[in-house]
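Please keep the sequence and the model in view while reading.

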Amino acid sequence: MIQKTGQYAIGLAQKHHPWTNVYGLARSVLALGTLLTLLFNPATNLFRPAAGIADYPVCAGISKLSIFCIFAPYLEVARWLSIIILLVVVSGWRPRYTGIFHWWVVFSL
């Protein structure tokens, strides 16, 4: 039973190629949503002090790799750099490479 299910799954996976234009469209729509958020909101709206948190953005643990933590004193520079990265991602140019930068910006936000 398990072997039959496994063979069916392998056959199904070999018939259907997941890297279609639908995948690219979904990726572009996600990047466009993040792009519009960054484009229409200044860094002062995105990063505000909160109760019990003196510094912002919070750069502890793995979030130290965030683009906004790397450019912490210059949040507007980080925002515009993120906008440029997302424009390239939305265009669909070299998705294999821009996917890494897309992840970085979304992780940072």
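T34 counts as buried because its relative accessibility is 13%, where buried means under 20% relative accessible area and exposed over 50% (1.4 Å probe, protein chains only). The model is predicted: local features need pLDDT of at least 70, side-chain atom pairs count only at pLDDT 80 or more, and totals for chains, interfaces and linings use all residues. Residues are numbered from 1 along each chain as its sequence is written, and side-chain values use heavy atoms, with hydrogens and water left out.

- T34 lies in helix 2, helices being DSSP runs of H or I with at least four residues, numbered from the N terminus.
- Apart from neighbours within four places in sequence, T34 is in contact (heavy atoms within 4.5 Å) with L86, V106 and L109.

- The buried residues of helix 2 are R27, S28, A31, T34, L35 and L38.
- Viewed down the axis of helix 2, these buried residues fall within an arc of 130° (taken from the directions from the helix axis to the C-beta atoms), so they line one face of the helix.
- Exposed residues V22, L25, L30 and F40 are carried on the face of helix 2 turned away from its buried side.
- The cover over the buried residues of helix 2 includes helix 5 (75–91) and helix 6 (95–108).

**Packing against helix 5**
- The axes of helix 2 and helix 5 are 9 Å apart, and the helices pack at an angle of about 155°, with axes fitted to C-alpha atoms over the stretch in contact and angles running from 0 to 180 degrees between N-to-C directions.
- Helix 2 is therefore roughly antiparallel to helix 5, a term for angles over 145 degrees.
- Among the residues making this contact are A31 and L35 of helix 2 and I83 and L86 of helix 5.

Terms used
Helices (H or I, at least four residues) and strands (E, at least two) are DSSP runs, numbered from the N terminus. Angles under 35 degrees count as roughly parallel, over 145 as roughly antiparallel, 65 to 115 as roughly perpendicular and the rest as oblique.
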